[in-house]
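Please keep the sequence and the model in view while reading.

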Amino acid sequence: MSHPPFLPFTRPHVDAATIAAVSEVLASGWIASGPKVAAFESCLSDLFGGRPVRAFSSGTATLEVALRLAGIGPGDEVITTSITWAATANVIVAGGARPVFVDVDPRTRNLDLAAAAAAITPRTRALLPVYLAGLPLDMDRLYALAKAHGLRVIEDAAQALDARWNGKRIGSFGDLVSFSFQANKNITCAEGGCLVVNSAAEAEHAERLRLQGVVRTGPDGMDMVEPGGKFNLSDINAAIGLGQLPHLQAVTRRRAELACAYFDIAGRSDAESLGIELPPPSSTTGALGNWHMFQVVLPADRIAGGRAAVMNAMRADGIGTGVHYPAVHRYTYYRSLGWRDGALPHAERIGRGILTLPLFPAMRDGDVERVWASLTAACKGLL
Ligand SMILES: *Cc1c(COP(=O)(O)O)cnc(C)c1O
């Protein structure tokens, strides 16, 4: 019997034209930040309704610069979610501020805005929501809350390229909106990120912070009034992004199809009686996700061997899965800042049970059935 090939939880697709474009950059004599970065920023700006956009070396760099632009530093508090990649909280610490984790909505797995409202203090300067799996928050409520308390909003939209709120693309409105083009994201530069800002002045400030804070003062002069970092994107990476962007619509459509196939098969299976929680379905009004990931939450506490046992069983079936993410406030470092177990019950339960199933555009419809059969068999065998 021949085994089907291993199915990873995600796989980037880089087409031949993009590979040729990268080769051209490499042969051109200019591989640092240059015309390809400018062209990439211009395409992104078009995507976000003409708002100013600057590209960076990563989504983490982008968030760090966003916090600097918002003037956040020592003594300040930033409210964020615990179900996220470590970067979201780490950039707050890097900026000298204090991350204030609040619990998530158990249905959307995103920052609970009522919990955020309750956590606001006189030191709170910003809200830093994450759109997990590319599902936006209720953006009207988010911005109403920020406005009522005079807070900046830094959107960690790392996973949310092409997601929408009431038909408007995330990034085309709002305050500071950060995206990542890391290898696993829906559109990639291998590594990279971009920040959507509010004005030409803010874009210029972001540009300065991106490269040491140095400005040119004539043909042979330089000055620096504020130290920046080393956060610029190379033309090699920008060429990858430029090759990816034309596929955005097809990528989003295919991901939605695969998510539909998951809902369809889950609805015909005994997922519910097994205690497997599904993500909230796509809607055409309100928050419309981009299906960056399809994630279930397992009843990990009732499974012999927990989530790891399910992952091992699926791996033995040739299926890769991922964990995005354990609750960040339970990492040793954040515990050392005083965060305790039991502080955020929904985040802790989801952090123990969340599992990312394979979903990428080149997957075949039949792969979804194979994944679901393996998942449910593993749970049945271990519950
Ligand atoms: C990917 C990601 C980041 C960081 O992006 P990098 O480009 O890897 O630095 C931050 N937050 C979230 C939610 C992410 O998924």
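A salt bridge is counted where a side-chain nitrogen of Lys or Arg lies within 4 Å of a carboxyl oxygen of Asp or Glu. The model shown here is predicted, and it holds 20 salt bridges. Side chains of opposite charge can pair when their charged atoms come close.

**Arg164 and Asp162**
- The side chains of Arg164 and Asp162 form a salt bridge, with a nitrogen-to-oxygen distance of 2.9 Å.
- Asp162 counts as buried because its relative accessible area is 6%, where buried means under 20%, whereas Arg164 is partly exposed at 24%.

- A salt bridge of 3.9 Å, N to O, joins the side chains of Arg208 and Glu226.
- This pair links distant parts of the chain, 18 residues apart, with Arg208 in helix H7 (residues 200–210) and Glu226 in the loop between strand E11 (222–224) and helix H8 (235–244).
- Arg208 is partly exposed, with a relative accessible area of 21%, and Glu226 is likewise partly exposed, at 24%.

**Glu277 and Arg349**
- The side chains of Glu277 and Arg349 meet in a salt bridge at 2.8 Å, N to O.
- Here too the pair links distant parts of the chain, 72 residues apart, since Glu277 sits in the loop between helix H10 (271–274) and strand E12 (287–288), while Arg349 belongs to helix H13 (residues 345–353).
- Glu277 is partly exposed, at 29% relative accessible area, and Arg349 is partly exposed as well, at 30%.

**Shared partners**
- Through salt bridges that share partners, Arg68, Arg208 and Glu226 are joined into one network.

How values were computed
Residues numbered from 1 in each chain as written. Predicted model: local features only at pLDDT ≥ 70, side-chain atom pairs only at ≥ 80, totals over all residues. Heavy atoms only, no water. Buried < 20%, exposed > 50% of the residue type's maximum accessible area, 1.4 Å probe, protein only. Helix = DSSP H or I, 4+ residues; strand = E, 2+ residues; numbered from the N terminus.
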